[in-house]
Amino acid sequence: MKYLKTILTAALSMWMMQSFAQTPLDSLRDFFKGSAVSIECDYTTTVQNTKIAGHSDILVQGDMYTMSGNGLEVFCNGEAMWTIDESSYEVVVEPYAAQDRDYMANPMLLLVDLDELFIVRNCTNLGNSNVNCLLDAVRECGVTQASLELTKSGEIVKAGFILDDGNILEVEVSAMKKTEEKQKSFFSPDRSFDSDWIVTDLR
């Protein structure tokens, strides 16, 4: 469960560049202001000689978000985070606090603190009119380096990430867009968990 959240974390990091009119991190902050943002992505990585592939759907609004992929759902309303594993009927509820910088457990913090975590090393024009940009992490966040291919308009085509454990994660974005803002209740589970579920509440 935690490794899937790590994969989703790295996938979310691909939102680092949305245009070239400003610096990449300035453009990212502007892109997320005043709206919710959705992203659909596919990822592949190798863990202990085993290839892992999956699809993730993510919705971000400020410090609130939802994520789903391969049977795992995550809800965060800015105060608490629910991790729901449908296959094992297990729910873990944890407090969410901005000062707890656990980027692997709270992937949206990568977006909140992006300008503190990464620097852009360089960007290179590719022959197909796209741009490839290299970024380095300057603080501990679970990712050491990233390589992003973007269109001239700033849309991400694909990315590669080097994680702290040395594994390489490849991600392709199939869709990303702004959408209307949601009510805070949208970022909490809209159901109760009966006796069939194992609920661990750490709040």
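Helices (H or I, at least four residues) and strands (E, at least two) are DSSP runs, numbered from the N terminus. With those terms, N128 is placed in the loop between β7 and β8. I will come back to that loop.

Before that, some ground rules. This is a predicted model, in which local features need pLDDT of at least 70 and side-chain atom pairs count only at pLDDT 80 or more, while totals for chains, interfaces and linings use all residues. Residues are numbered from 1 along each chain as its sequence is written, and side-chain values use heavy atoms, with hydrogens and water left out.

Now the overall picture. The protein has 4 helices and 12 strands. Of its 203 residues, 48% are buried; buried means under 20% relative accessible area, exposed means over 50%, and partly exposed is in between, with a 1.4 Å probe and protein chains only. The protein exposes about 9900 Å², and carbon and sulfur atoms supply 48% of that. Those areas come from the Shrake-Rupley method with a 1.4 Å probe, and for residues only the protein chains shown count as cover. As for contacts, meaning heavy atoms within 4.5 Å, take those between residues at least 6 apart in sequence: 50% of them join residues at least 24 apart.

Next, strand β3, residues 64-69. Because 5 of its 6 residues are buried, β3 is largely enclosed by the rest of the structure. Which strands does β3 pair with? Two strands pair if DSSP finds at least two bridges between them. One partner is β2, residues 50-61, antiparallel to β3 over 5 bridges. The other is β4, residues 72-76, also antiparallel and also joined to β3 by 5 bridges. On the β4 side, Y65 stands opposite C76. That hairpin, of β3 and β4, also has 2 residues between its strands, and N70 in the turn has a positive phi of about 55°.

Y65 turns up again in the core. A nonpolar core here is a set of buried Ala, Val, Leu, Ile, Met, Phe, Trp, Tyr and Cys residues joined through side-chain atoms within 4.5 Å. The largest one has 30 residues, and Y65 and F161 have the most contacts inside it. At least two residues of this core come from each of β1 (36-47), β2, β3, β4, β8 (131-137), β9 (143-150), β10 (156-163) and β11. There is a second, separate core of 7 residues, including A80, W82, I84 and V91. In soluble globular proteins, nonpolar side chains tend to be buried together.

On to the aromatic rings. How many aromatic pairs does a search of the whole structure find? It finds 3. Rings of Phe, Tyr and Trp (its six-membered ring) pair if their centres lie within 6.5 Å; planes under 30 degrees apart count as stacked, over 60 as edge-to-face and the rest as tilted. One of the pairs is Y89 with W197, tilted, at 4.9 Å centre to centre and 55° between the planes. These two residues are 108 apart in the chain: Y89 is in the loop between β5 (80-85) and β6 (90-95), and W197 in the loop between β11 (168-179) and β12 (198-201). Y89 is partly exposed at 41% relative accessibility, whereas W197 is buried at 12%. Another pair is F186 with F187, which is edge-to-face because the centres are 5.3 Å apart and the planes are at 80°. F186 is partly exposed at 39%, and F187 is buried at 0%.

Y89, F193 and W197 form one aromatic cluster. V199, in strand β12, touches F193 and also V91, not counting residues up to four places away in sequence. V199 is partly exposed, with a relative accessible area of 43%. From V199 to Y89 is 110 residues in sequence but 8.5 Å in space, C-alpha to C-alpha.

Finally, back to the loop between β7 and β8. N128 is partly exposed at 45% relative accessibility. N128 and T151 are 23 residues apart in sequence and 9.1 Å apart in space, C-alpha to C-alpha. N130 is found in the loop between β7 (118-125) and β8 as well. Is N130 buried or exposed? N130 counts as buried, at 13% relative accessibility. Leaving aside neighbours within four places in sequence, N130 is in contact with several residues, among them T124, E149 and T151.
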